[in-house]
Amino acid sequence: MLTDVSPQVEELLTAAAPALATSGAKFLTPKWMQEVADSSPRTADLVAEAVSGAGGGYAARGLPTVPATVGCFPLDQALLSNLLTPSRRPDQAPPTPFFSIPDHILLWRMLAHGDTDLARELVELVPELAEPRKVITARPSDLELLTGKRGAFNLTRPADVFGFAQRLGCDPTSLAERRGLFGGPCLVIPDSRSSDDWDTSDMAWLNKPYERHRSHATIGDLLEISKELGVNVTQAAARLRSYGITVVPDELSDGLPDEVDLQLLHRNGEVAKHDGIWDQGPVPPGHVAQAALRTGLKPGEVQRRIERYGLPVEPFDFPERVDQVYVDRLSQDHDGRWPWVSAVGPLPPWQLVAAQDWSGLSANDVRAGYRRLGFTLPPQAAVRRESPDDFELLAGRWEVDWSPFRTDRAPSFHQLVAVAENLGLSLRTLTSRLADFRVRTGMVLPQRTAQLDRELFRYDDLLQVGPDEADERDVPWWFWLSPDDEIPFFVLVLAARSLSRRPRELATRLRSYGLRVSRCDLPRDLTHLDALRLLTADGHPLPKPMDPPMPLAQLVRITRRVDLPLADTARHLRDPGVHVNDLAVTVRAALAQVPSG
């Protein structure tokens, strides 16, 4: 009953909190407080406040009593058992948010708990951690405030504070301010006297930019919000700004966008079809030319109007007036509609081959036509006689969201392997034929393939991909890499295990293709078995050099499981290419974000 907090039980617990705080009840543990907070964060906060007022604490199995002076954070028991005090019995099933805890939140709890094993390790690297400092006192409700009940940190959205404020029975202003102390989404609650008594029962519209992984609202967001709230775009922008959310463009005149501008902003000018505001990078020249033809405006005026809404436009030299033939030639399918040919970088060879098919012109005439339009051409192909399947060869299977092959950058290994399988070609045959079109593949495979060459790039390995595609242990070593990338050696250590090969053998072979590998073998002070133990100690993906660096909590988890000093673990992971930042730099950056109290 004590963890199933119905309104009646909440009322009883609230009244009994002072007595409970002084009772010495064995169930008054961080884990129990976490369960109460899951059902009623308000009740958990009241109990924690009573325990603190009584000078009590929280008993935890196998751990010293946690004094209430450090606050009560629902993850404390998992942190103490797994990270802060490694000599203790680890928690076998920590709560899901434990695995995404940010560096500064981990340091916050470490500093609150004082003298722990982790603190002693980190003080040797960052002496200023030993300096006295007061951090903000934790509340049981802080976990939901910082995770939004989404199971992980860094997933909260601005509007979450309104629903949470109702659960806590408090004003959202204080919650928004407290979340901001921890680095959560910025939100300013406007003074109710200046808000025209806006309805705050459903504030999900505030989340539009965050749902699209942006830190600012765009004209597309404003159009959606204005429709939802029944206001104009200028008023929608004003409301977002009043809550501290950045809007691009900075200024927007009343009455905009008008009917003409709405056509300019929508794909193919089809406002009624809700075909979407252009939001896929800089606007290509075909979109501008099509809009000019539809509206009668000059292309320069169309570009100026689009740019005033904060949308970048690809540089292009337009004629004064455009016609349908001109617009057709700017589209990928030669039909005058989206998708458009990009003017950024050289044209993909596929575009030239496709244009020959649509127009019936020779390769030289097609190149000359695109040159006159102002596009950058790829190098001349070395193909003497064209093949009927060149179109499919160069298209790169764009029906599964891959772009056609290009001459200025290599595709992913994944795309190369999948296209070769789709066309019934060996990987060597595919890359050789692409090279004839000057497509950049980043590698040259041997004419006579050995067993190892076939093992390194097997299509069948894709059929074994596990549920977590982000984890290199569940996917082929090449799944997230491109021939342009430097291959981190640690993925070869893992691959060698499944291939019954030595990592050095894989690295040598890949280098013979012209690929870059971060190192040729493991360092002398790290055996193959020890490397595998390090790389498989944690159940979460290991970051590659192009990924964000490894979180401090993940590094500590691995350290505890392999029983090494933290600095040695970081070095042994960094050597074979796992992205682990300098520990002192990481800790100091996190320390600067710890909220002081």
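Reader: Threonine 156: buried or exposed?
Author: Threonine 156 is buried, at 10% relative accessible area. Bear in mind that this is a predicted model.

Reader: Where is threonine 156 in the chain?
Author: Threonine 156 is in the loop between α7 (142-147) and α8 (160-168).

Reader: And what is threonine 156 in contact with, leaving aside neighbours within four places in sequence?
Author: Leu145, Leu146, Thr147, Gly148, Arg150, Arg179 and Pro185.

Reader: Let's zoom out. How many helices and strands in the chain?
Author: The chain has 28 helices and six strands.

Reader: What share of the residues counts as buried?
Author: 50% of the 597 residues. The accessible surface of the chain is about 28500 Å². Carbon and sulfur atoms hold 49% of that surface.

Reader: Of the contacts between residues at least 6 apart in sequence, what share joins residues at least 24 apart?
Author: 61%.

Reader: Helix packing next. How do α4 and α5 pack?
Author: α4 (residues 76-84) and α5 (residues 103-113) pack at about 90 degrees, with axes 11 Å apart. The two helices are therefore roughly perpendicular.

Reader: Which residues meet there?
Author: From α4, Asp76, Leu79, Leu80, Leu83 and Leu84. From α5, Leu106, Arg109, Met110 and His113.

Reader: How many residues of α4 are buried?
Author: Nine of nine, and α4 is mostly covered. Among them are Gln77, Ser81 and Asn82.

Reader: What do the buried residues of α4 pack against?
Author: Helices α2 (30-39), α5, α6 (117-125) and α26 (552-562), along with strands β1 (57-60) and β2 (63-67).

Reader: Back to α5. How does α5 cross α28?
Author: The axes of α5 and α28 (residues 583-591) come within 8 Å and cross at roughly 80 degrees. That pair is therefore roughly perpendicular too. Asp103, His104, Leu107 and Leu111 of α5 make the contact with Thr586, Val587, Ala590 and Leu591 of α28.

Reader: Aromatics now. How many pairs?
Author: A search of the whole structure gives 16 aromatic pairs. In one of them, phenylalanine 413 and phenylalanine 457 have ring centres 5.3 Å apart.

Reader: Why does that pair count as tilted?
Author: The planes are at 40 degrees, so the pair is tilted. The cut-offs are under 30 degrees for stacked and over 60 for edge-to-face.

Reader: Which parts does the pair tie together?
Author: Phenylalanine 413 lies in helix α20 (residues 413-423). Phenylalanine 457 is in the loop between α22 (451-456) and β5 (486-487). The pair therefore ties together parts 44 residues apart in sequence.

Reader: Are those two phenylalanines buried or exposed?
Author: Phenylalanine 413 is buried at 1% relative accessible area. Phenylalanine 457 is buried at 11%.

Reader: Which cluster do ring pairs link them into?
Author: The cluster holds Phe413, Phe457, Trp477, Trp478 and Tyr513.

Reader: Where does tyrosine 513 lie?
Author: In the loop between α24 (503-512) and β6 (516-517). Tyrosine 513 counts as buried, at 3% relative accessibility.

Reader: What is tyrosine 513 in contact with, leaving aside neighbours within four places in sequence?
Author: Its contacts include Phe457, Leu456, Asp453 and Met443. Methionine 443 is 70 residues from tyrosine 513 in sequence, and their C-alpha atoms are 5.2 Å apart.

Reader: Which charged ends or arginines sit over a tryptophan ring?
Author: Arginine 109 lies over the face of tryptophan 108, 4.5 Å from the ring centre. The charged end of arginine 267 sits over the ring of tryptophan 338, 3.9 Å from its centre.

Reader: What about the peptide bond from tryptophan 338 to proline 339?
Author: That bond is cis, with omega near 5 degrees. Proline 339 is in the loop between α16 (324-329) and α17 (349-359). The bond from valine 248 to proline 249 is also cis, with omega near 15 degrees. Most peptide bonds are trans.

Reader: Last topic, positive phi. What is the value at histidine 213?
Author: About 60 degrees, although histidine 213 is not a glycine. Histidine 213 is in the loop between α10 (208-211) and β3 (216-217), and it is exposed at 76% relative accessible area.

Reader: And serine 500: what is its phi?
Author: Positive, about 55 degrees. Serine 500 lies in the loop between α23 (489-499) and α24. At 68% relative accessibility, serine 500 counts as exposed.

Note on methods. Residues are numbered from 1 along each chain as its sequence is written. This is a predicted model: local features need pLDDT of at least 70, side-chain atom pairs count only at pLDDT 80 or more; totals for chains, interfaces and linings use all residues. Side-chain values use heavy atoms; hydrogens and water are left out. Rings of Phe, Tyr and Trp (its six-membered ring) pair if their centres lie within 6.5 Å; planes under 30 degrees apart count as stacked, over 60 as edge-to-face and the rest as tilted. Helices (H or I, at least four residues) and strands (E, at least two) are DSSP runs, numbered from the N terminus. Buried means under 20% relative accessible area, exposed over 50%, partly exposed in between (1.4 Å probe, protein chains only). A charge sits over a ring if NZ of Lys or CZ of Arg is within 6 Å of the ring centre and within 35 degrees of the ring normal. Contact means heavy atoms within 4.5 Å. Accessible areas come from the Shrake-Rupley method with a 1.4 Å probe; for residues, only the protein chains shown count as cover. Axes are lines fitted to C-alpha atoms, for helices over the stretch in contact, and angles run from 0 to 180 degrees between N-to-C directions. Angles under 35 degrees count as roughly parallel, over 145 as roughly antiparallel, 65 to 115 as roughly perpendicular and the rest as oblique.
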